[in-house]
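This briefing is meant to be read alongside the sequence and the model.

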Amino acid sequence: MSTATIRVELPAHLRTLARVGAEISMEVPRNAEGRVTTRLILDALEASYPMLCGTIRDHGTHKRRAFLRFFACAEDLSHESPDAPLPEEVASGKEPFLIVGAIAGG
Amino acid sequence: MSGVRLLVGTKKGAFVITSDGKREKWDVSGPHFGGWEIYHMKGSPVDPNRIYASQTSGWFGQLVQRSNDGGKTWEPVGNKFVYDGVPGTHQWYDGTAHPWEFKRVWHLEPSLTDPDTVYAGVEDAAIFRTTDGGQNWEELSGLRGHGTGPRWQPGAGGMCLHTILLDQNVPGRMFIAISAAGAFRTDDGGKTWKPINQGLNSKFLPDPTAEVGHCVHRIATHKARPGVLFMQKHWDVMRSENAGDLWTEVSGNLPTDFGFVIDVHAHEPETIYVVPIKSDSEHYPLEGKLSVYRSRTGGNEWQELTKGLPQHDCYVNVLRDAMAVDSLDKCGVYFGTTGGQVYCSADAGDSWSAVVQNLPGVLSVEVQTLP
């Protein structure tokens, strides 16, 4: 199975929790069609940083937490299927996959 | 020289505050987990340097942190709280059936004998247990499953299991309380539970003396006499002589019997403390004067304690998990406010001084008495 080198940016609180900097670079397996998906990125992210389990998506359902958003290539991908292929710019590492905390609260 | 360590959970982080036995000068460490809500922290009675913290956020959900060095350093442990089986439904605010959904951990209660065993009270109301230091959590589902669950309903703060009392005299006995379901007891380590709400009277219920549905805010007991329970209900301060089988009102001469906290003196099982709050719709002290009330008779006869507390323009609240007592002689009493103050009385309530004054709103206060 081939992999892609993906760049991921986390919200500040999750960087602190995972003890990482502004951007993570990690290897993510491609699916059978050779594409990278949100699910594959999050699976790889949680495997490398298990303390993030449950903080981005629900433990059981894997549903995205309501106040988080997934952006890439200036697009909001939050409502796409987690199995939809991500833009090739993300798979190639040209553009980062952004996990963003929604503006809410005080 | 002996000392104390306060574990203060706030809306924006955790604070660990220490002093020697005089309890006059304080060292403040924090915020730990800055920006996160810390609903509760508590240390193991058998290993005081083992501390657990409930860290939560509307954005990122629930984390549990563990310290093995008295709160200097922390590591995240397991945060997977999955209800056993099909979660089922409880009553929603409009009376419709609403599925059980995990939201956060309100209270962590370490075992009296094993530092790796901890009980967690969560919202939506359930009790979980870890036996491996927090790595894995398993629901004690006999509580939710005993039959009255579909009639439980959330209070304004959510349907939370906020109080867990472990009985050191009767093996397997625990007491818990839920807003708004009431108090429950297990005598077999959490396998089976029974409601213990007889004697409670809640006018907001269609049947004020119903088996469940009562908004219990807090229960407390003296560790040497755990069969005698004290309760701060939504309204009413209550007492039970028989492990909750029957409650009687002991509000007595309190100026208002609404409130959240209640606690018991470490050395005097009949000395109890409450902080009266004006009403269920006005969550602040009467006339802007912050007072603790103490009863040395187990209720009914209450004495106002004000020395050192603000007596004008004070409109803070004291939340249900935000009072604690140490076991020094004289007994220290502590409470935190939604205004970010933590107060200490080193003389069992006779006089008070501020430990800190400008923290984020205080959600919980625990104290450890250190050798």
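In this predicted model, Asp124(B) sits in the loop that runs between E11 and strand E12 (126-130) of chain B, and the peptide bond that joins Glu123(B) to Asp124(B) is cis, with omega at about -5°. Most residues other than glycine have a negative phi, and most peptide bonds are trans. The points below take up further backbone features of this kind and then the folds of the two chains.

- Arg23(B), found in the loop between strand E2 (13-20) and strand E3 (27-32) of chain B, has a phi near 60°, which is a positive value in a residue other than glycine.
- Arg23(B) counts as buried because 22 C-beta neighbours lie inside 10 Å, and the cut-off for that class is 20 or more.
- In chain A, Arg19(A) likewise has a positive phi, of about 60°, although it is not a glycine, and its place is the loop between helix H1 (12-18) and E2 of chain A.
- Arg19(A) is exposed, because 8 other C-beta atoms lie within 10 Å of its own, and a residue is called exposed at 12 or fewer.

**Chain B as a whole**

- Chain B contains 0 helices and 30 strands, and its radius of gyration of 19 Å is close to the 21 Å that the globule rule gives for 371 residues, so the chain is as compact as a globular protein of that length.
- The C-alpha trace of chain B spans about 50 × 45 × 40 Å along its principal axes, and 54% of its 371 residues count as buried.
- Among contacts in chain B between residues at least 6 apart in sequence, 49% join residues that are at least 24 apart.
- The mean pLDDT of chain B is 96, with 100% of its residues reaching 70 or more.

**Strands and pairing in chain B**

- Strand E10 (residues 104-110) of chain B is mostly covered, with 7 of its 7 residues buried, and E10(B) is joined by 6 bridges to strand E11 (residues 118-123), the two running antiparallel.
- Within this pairing, His107(B) stands opposite Gly121(B) in E11(B).
- E22(B) pairs with strand E23 (residues 272-277) of chain B in the antiparallel sense over 5 bridges, and Gly259(B) stands opposite Pro276(B) in E23(B).

**Chain A**

- Chain A has 3 helices and 5 strands, which follow the pattern β-α-β-α-β-β-α-β along the sequence.
- The radius of gyration of chain A is 13 Å, close to the 13 Å that the globule rule gives for 106 residues, so chain A is as compact as a globular protein of that length.
- The C-alpha trace of chain A spans about 40 × 30 × 25 Å along its principal axes, and buried residues make up 27% of the 106 residues.
- The 5 strands form an open sheet in the order E2-E1-E5-E3-E4 of chain A, with mixed pairing, and its edge strands are strand E2 (23-29) and strand E4 (75-76), each pairing on one side only.
- Strand E3 (residues 68-72) and strand E5 (residues 97-101) of chain A run antiparallel and are joined by 4 bridges, and the bridge partner of Leu68(A) in E5(A) is Gly101(A).
- Helix H2 (residues 38-48) of chain A packs on the sheet, touching strand E1 (3-9), E2, E3 and E5, and its direction makes about 115° with that of E2(A).
- The buried residues of H2(A), among them Leu40(A), Ile41(A) and Leu45(A), pack against E1, E2, E3 and E5 of chain A.

**Where the chains meet**

- In the model, which scores ipTM 0.92 and pTM 0.96, 12 residues of chain B are in contact with 13 residues of chain A.
- The side of chain B that touches chain A has 5 nonpolar, 6 polar and 1 charged residues.

Definitions and conventions:
Residues numbered from 1 in each chain as written. Chains lettered and ligands numbered in written order. Predicted model: local features only at pLDDT ≥ 70, side-chain atom pairs only at ≥ 80, totals over all residues. Pairing = 2+ DSSP bridges. Rg over C-alpha atoms; globule rule 2.2 N^0.38 Å. Contact = placed C-beta atoms within 7 Å. Nonpolar A, V, L, I, M, F, W, Y, C, P; charged D, E, K, R; others polar. Axes fitted to C-alpha atoms, helices over the stretch in contact; angles between N-to-C directions. pLDDT = per-residue confidence, 0-100.
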